[in-house]
Amino acid sequence: RNFMRLLFLDAEVRGRYVEWRSMARICVAFFRMAVVERPADPRLAEVVGDLSVHDADFRTWWAERNVDYRTFGTKSLRHPVAGAFTLDWQLLRSAHDDGQTILVMTAPSESRSQEALRFLTGWAGPSSTSIGRI
């Protein structure tokens with residue numbers, strides 16, 4: 001349910017990012033921004049505590065106190081079946097400012113990355129509308 005937990009505590013998810021360290025540092029700085037915006041949110045405090053106890057990288061980067069709010073970029077991913085591919089991403093926030101965000105990832109038309117996404121869509125099964133956890 002929480003991307004930060006998956007990113008730091010799930011070895012499979014961690015291994016999917018070609019430049020994991022760089023991307024994870026950005027995510028920590030972004031997450032700090034969420035905590036600054038909602039300092040009394042017990043769910044955020046729980047995630048910080050859990051990750052601080054279980055992951056040395058998170059603990060170190062959290063202590064640096066960096067804040068960042070990137071809303072777009074590029075991620076290089078590695079899938080065990082589809083191989084390596086790159087996606088552009090954009091973060092969309094709710095107009096109601098309820099703390100919810102949507103991460104949209106796209107591939108350029110007719111690119112290797114788009115081929116990988118098409119492959120994963122078919123690989124997930126004909127009735128699937130999701131490419132699964134990439």
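The model is a predicted one, and every value below is computed from it. Its largest nonpolar core has 26 residues, and 3 strands form an open antiparallel sheet in the order β1-β2-β3. The structure also holds 7 aromatic pairs, and Phe 58 takes part in more than one of the features described here, belonging both to the residues with the most contacts inside the core and to a cluster of linked rings.

**Nonpolar core**

- Within the largest nonpolar core, which has 26 residues, those with the most contacts are Met 4, Leu 7, Phe 8, Phe 58 and Phe 85.
- Two or more residues of this core are given by each of α1 (3-9), α3 (20-37), α4 (42-54), α5 (56-63), β2 (83-93) and α6 (112-123), and the largest share, 6 residues, comes from α3.
- Leaving aside residues up to four places away in sequence, Phe 58 touches Met 4, Phe 8, Val 28, Val 48, Leu 51 and Ser 52.

**Helix α3**

- Helix α3 has 18 residues and reaches 25 Å from its first C-alpha to its last, which is close to the 26 Å expected at 1.5 Å a residue.
- The buried residues of α3 are Trp 20, Met 23, Ala 24, Cys 27, Val 28, Ala 29, Phe 31, Arg 32 and Ala 34, a list that takes in the charged side chain of Arg 32.
- The cover over these buried residues of α3 includes α1, α2 (11-15), α4, α5 and β1 (72-79).

**Sheet and the helix across it**

- The 3 strands of the open sheet follow the order β1-β2-β3, with antiparallel pairing.
- Because β1 and β3 (101-106) stand at the edges and have a single partner strand each, one side of each is left without a neighbour in the sheet.
- On average, and with direction ignored, neighbouring strands of this sheet are turned by 35° against each other.
- The antiparallel pairing of β1 with β2 runs over 8 bridges, and Phe 72 has Gln 90 in β2 as its bridge partner.
- Helix α6 lies across β1 and β2 and runs at about 90° to β2.

**Aromatic pairs**

- Among the 7 aromatic pairs, the rings of Phe 8 and Phe 58 have centres 5.4 Å apart and planes at 80°, so this pair is edge-to-face.
- This pair links distant parts of the chain, with Phe 8 in helix α1 and Phe 58 in helix α5, 50 residues apart, and both residues are buried.
- The rings of Phe 58 and Trp 62 have centres 5.5 Å apart and planes at 15°, so this second pair is stacked; both Phe 58 and Trp 62 are buried.
- Phe 58 and Trp 62 are 4 residues apart in helix α5, so about one helical turn separates them.
- Ring pairs link Phe 8, Trp 20, Phe 31, Phe 58, Trp 61 and Trp 62 into a cluster.

**Loop residues with positive phi**

- Arg 65, in the loop between α5 and β1, has a positive phi of about 65° although it is not a glycine, and Arg 65 is exposed, with a relative accessible area of 63%.
- Glu 110, in the loop between β3 and α6, is likewise a residue other than glycine with a positive phi, near 55°, and Glu 110 counts as exposed at 66% relative accessibility.

Terms used: Residues are numbered from 1 along each chain as its sequence is written. This is a predicted model: local features need pLDDT of at least 70, side-chain atom pairs count only at pLDDT 80 or more; totals for chains, interfaces and linings use all residues. Side-chain values use heavy atoms; hydrogens and water are left out. A nonpolar core is a set of buried Ala, Val, Leu, Ile, Met, Phe, Trp, Tyr and Cys residues joined through side-chain atoms within 4.5 Å. Buried means under 20% relative accessible area, exposed over 50%, partly exposed in between (1.4 Å probe, protein chains only). Contact means heavy atoms within 4.5 Å. The expected span of a helix is 1.5 Å times one less than its number of residues. Two strands pair if DSSP finds at least two bridges between them. Axes are lines fitted to C-alpha atoms, for helices over the stretch in contact, and angles run from 0 to 180 degrees between N-to-C directions. Rings of Phe, Tyr and Trp (its six-membered ring) pair if their centres lie within 6.5 Å; planes under 30 degrees apart count as stacked, over 60 as edge-to-face and the rest as tilted.
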